[in-house]
Amino acid sequence: MYSAREQVENQPWLDQIASAAEELDIDKEARTTAGDLFLTHIPDDDRSKPAVAAASLYAGALIAGEERSQQAVADAMGVSRLSVHSRWKSLLESAGFQAPSW
């Protein structure tokens with residue numbers, strides 16, 4: 001879980017997730033899930049935050065049945081596809097879901 005303080009401190013990242021979700025036409029449920037995933041996996045290193053935010057959006061969309069391509073999410077979040085690819089499965093699994101084998 002995360003604290004209200006973490007949510008306030010990371011609001012710019014949550015806003016970026018929401019903006020990218022809007023661009024990708026991802027529904028509110030997926031946006032909320034993505035924000036929760038990000039807030040429960042905030043990296044210590046600020047350089048890693050864009051990649052974790054993007055992977056959180058990708059995983060949140062998958063959980064909500066709103067799948068988008070890794071490349072589309074990466075482009076909307078301004079990161080490389082590899083950044084999403086290398087992180088989304090661990091986020092999904094840490095949320096209690098089994099990652100697909102594809």
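Helices (H or I, at least four residues) and strands (E, at least two) are DSSP runs, numbered from the N terminus. The model is predicted: local features need pLDDT of at least 70, side-chain atom pairs count only at pLDDT 80 or more, and totals for chains, interfaces and linings use all residues. Residues are numbered from 1 along each chain as its sequence is written, and side-chain values use heavy atoms, with hydrogens and water left out.

**Figure 1. Overall fold of the protein chain, with 7 helices and 0 strands.** From the N terminus on, the order of elements is α-α-α-α-α-α-α. The C-alpha trace spans about 35 × 25 × 25 Å along its principal axes. Of the 102 residues, 42% count as buried, where buried means under 20% relative accessible area, exposed over 50%, and partly exposed in between (1.4 Å probe, protein chains only). Of the contacts (heavy atoms within 4.5 Å) with a separation of 6 or more, 63% are accounted for by residues 24 or more positions apart. The accessible surface comes to about 5,600 Å², and 46% of this area belongs to carbon and sulfur atoms; accessible areas come from the Shrake-Rupley method with a 1.4 Å probe, and for residues only the protein chains shown count as cover.

**Figure 2. Helix α2 (residues 11-23) and its buried face.** Helix α2 has 13 residues and reaches 18 Å from its first C-alpha to its last, close to the 18 Å expected at 1.5 Å a residue; the expected span is 1.5 Å times one less than the number of residues. L14, I17, A20 and A21 are buried in α2. Seen down the axis of α2, its buried residues fall within an arc of 125°, so they line one face of the helix; the arc is that of the directions from the helix axis to the C-beta atoms. An α-helix has 3.6 residues a turn, so residues three or four places apart point the same way. The cover over the buried residues of α2 includes α1 (4-9), α3 (28-40), α4 and α5 (70-77). P12, E22 and E23 are exposed residues on the face of α2 turned away from its buried side. Just after α2, D25 takes a positive phi of about 55°.

**Figure 3. Salt bridge between R31 and E22.** A salt bridge is a side-chain nitrogen of Lys or Arg within 4 Å of a carboxyl oxygen of Asp or Glu, and the structure holds 4 of them. In the pair of R31 and E22, the closest N and O atoms are 3.0 Å apart. R31 is partly exposed, with a relative accessible area of 24%, while E22 is exposed.

**Figure 4. K49 in helix α4 (residues 49-63).** K49 forms a salt bridge with D46, the closest N and O atoms being 3.2 Å apart. K49 is buried at a relative accessible area of 11%, whereas D46 is exposed at 51%. Not counting residues up to four places away in sequence, K49 touches N10, W13, F38, I42 and P43.

**Figure 5. Salt bridge between R68 and E66.** The side chains of these two residues meet at 3.4 Å, N to O. R68 counts as partly exposed at 21% relative accessibility, and E66 is buried, with a relative accessible area of 18%.
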